[in-house]
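Then follow the chain into a strand and its partners.

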Amino acid sequence: MQTFEKIAVDMPLTPFSDDAPMGLSLANVRESFPITQSRAYLNNASIAPASTPVLAAMGYFMGDVRDNGRNRYPLWCDYAQTEIKTRVARLIGAKQNEIAFVKNTTEGLITVANGLDWRDGDNVVLPDIEYPSNVYCWMRLAKFGVQIRWVKSRDGRILLDDIAALIDRRTRLVSLSAVQFSNGFKQDLAALSELCTKRKVLLNIDAIQWVGNQALNLSDIHVDFLSFGGHKWLLSPIGTGIFYCNEKSLDLLDPPNVGYHTVDRGEAHMDYILDYRDGAARFEEALSNFPGIWGLDAAVRMHLCVTPAAAQQRIGALVEHAEEGLMRMGWRILSPRERQSERSGLLSFTRDGLDVSGTVKALDAAGVDLAARAGALRISPSFYNNEDDIDRLLSALATC
């Protein structure tokens with residue numbers, strides 16, 4: 001009968017070598033996305049398609065469970081907490097102990113909303129064009145006397161001066177999307193961080209439309225809390241995500257959900273001592289979604305192979321190609337495009353008399369996928385897309 005030690009030695013924890021790249025680059029990563037063989041998929045800001053490395057990693061993990069049951073559970077925990085979190089941290093310029101696994105962006109935002117010690121009269125500053133995940137968790141705080149101060153958008157843009165004008169001595173936190181979901185407006189995170197630091201206000205970022213779309217280095221700027229789901233630009237499985245808690249802000253949050261994994265008691269299940277684990281891992285209250293996390297790890301490895309800078313450049317070039325073609329065809333661009341610094345991988349566009357639902361259906365029939373947002377069309381190409389996908393979109397639109 002095989003011992004636990006022998007199982008651990010004979011079977012690696014992933015199908016990928018930890019000390020070598022996956023053999024992927026910007027030149028060949030498209031081959032890892034089977035959907036490209038049949039469709040021009042330009043809706044990565046919604047739900048990204050599965051890649052073969054992600055599927056392989058998830059299948060490999062489930063094969064481990066099939067063959068070994070619970071025997072390697074301590075190894076899974078250690079590997080996820082050390083190796084996988086280290087790669088995630090490298091992707092976003094953070095530290096391993098600042099990373100926690102969550103199910104989605106919403107869970108990270110809720111962790112902040114429900115974990116801070118609110119006082120009657122506190123206020124939160126929010127843009128008026130946020131995705132609901134970054135609205136409802138703050139609205140709920142009204143019962144504690146917390147007010148929302150709404151930043152009015154200007155032609156789809158959130159201006160730093162307008163944020164600053166709403167901050168007063170009772171402002172506890174500014175919470176906003178790094179990239180706006182409807183039109184792709186990209187916030188100047190460095191300037192926003194400087195403002196919040198100067199005014200001694202906490203900064204909370206919804207980064208689901210940023211990570212995987214734009215390069216990020218949190219070691220260059222101060223952000224207190226940041227959350228992103230994996231199922232969009234990160235190209236990771238649904239039900240996976242990351243919550244980042246700056247180590248300097250850790251003690252400001254009381255974990256709103258506590259359980260067996262909140263503490264580090266090992267197998268001492270009845271040693272009832274509520275001493276939180278070190279770092280952001282204290283926000284993981286129970287057993288993690290290991291199959292999904294293994295898939296997330298494969299996706300992160302892909303991004304590290306391609307490099308965030310190269311991914312951002314490719315995505316930007318595809319969006320510019322689409323913008324030029326759309327404008328030639330008489331479409332009106334709604335995404336803020338005046339300043340390069342405000343551009344991201346999302347592009348929103350419309351035209352007079354547009355039948356949004358009818359156009360989306362016609363494009364679907366032509367093998368082109370995009371989204372309808374705020375009465376307009378929105379594309380969101382990833383680094384695995386190419387100009388042929390954009391040209392297929394333009395050709396299909398010409399017949400709508």
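This is a predicted model. Start at tyrosine 131, which is partly exposed at a relative accessible area of 39%. Phenylalanine 181 has a relative accessible area of 19%. That is under 20%, so phenylalanine 181 counts as buried.

Tyrosine 131 and phenylalanine 181 form an edge-to-face aromatic pair, 5.1 Å centre to centre, with 80 degrees between the planes.

Another of them is formed by tyrosine 73 and phenylalanine 290. This pair is edge-to-face too, with 6.4 Å between centres and 80 degrees between the planes. It also links distant parts of the chain: tyrosine 73 belongs to helix α3 (residues 73–92), phenylalanine 290 to helix α8 (residues 290–306), and 217 residues separate them.

Are the two residues buried or exposed? Tyrosine 73 counts as buried because its relative accessibility is 11%. Phenylalanine 290 is buried as well, at 5%. Both residues are members of one aromatic cluster, together with Phe61, Trp76, Tyr79 and Trp294.

Now turn to strand β3, residues 123–127. Of its 5 residues, 5 are buried, so the strand is largely enclosed by the rest of the structure. In a regular strand, side chains alternate between the two faces of the sheet. Here Asn123, Val125 and Pro127 point one way. Val124 and Leu126 point the other way. Residues on both sides are buried.

Which strands pair with β3? One is β4 (residues 147–151), in the parallel sense over 5 bridges. Within that pairing, valine 124 has isoleucine 148 of β4 as its bridge partner. The other is β5 (residues 171–177), again parallel, over 3 bridges. There, asparagine 123 is bridged to threonine 171 of β5.

Which ring does the charged end of arginine 172 sit over? The ring belongs to tryptophan 118, and the charged end of arginine 172 is 5.2 Å from its centre.

Definitions and conventions
Residues are numbered from 1 along each chain as its sequence is written. This is a predicted model: local features need pLDDT of at least 70, side-chain atom pairs count only at pLDDT 80 or more; totals for chains, interfaces and linings use all residues. Side-chain values use heavy atoms; hydrogens and water are left out. Buried means under 20% relative accessible area, exposed over 50%, partly exposed in between (1.4 Å probe, protein chains only). Helices (H or I, at least four residues) and strands (E, at least two) are DSSP runs, numbered from the N terminus. Two strands pair if DSSP finds at least two bridges between them. Rings of Phe, Tyr and Trp (its six-membered ring) pair if their centres lie within 6.5 Å; planes under 30 degrees apart count as stacked, over 60 as edge-to-face and the rest as tilted. A charge sits over a ring if NZ of Lys or CZ of Arg is within 6 Å of the ring centre and within 35 degrees of the ring normal.
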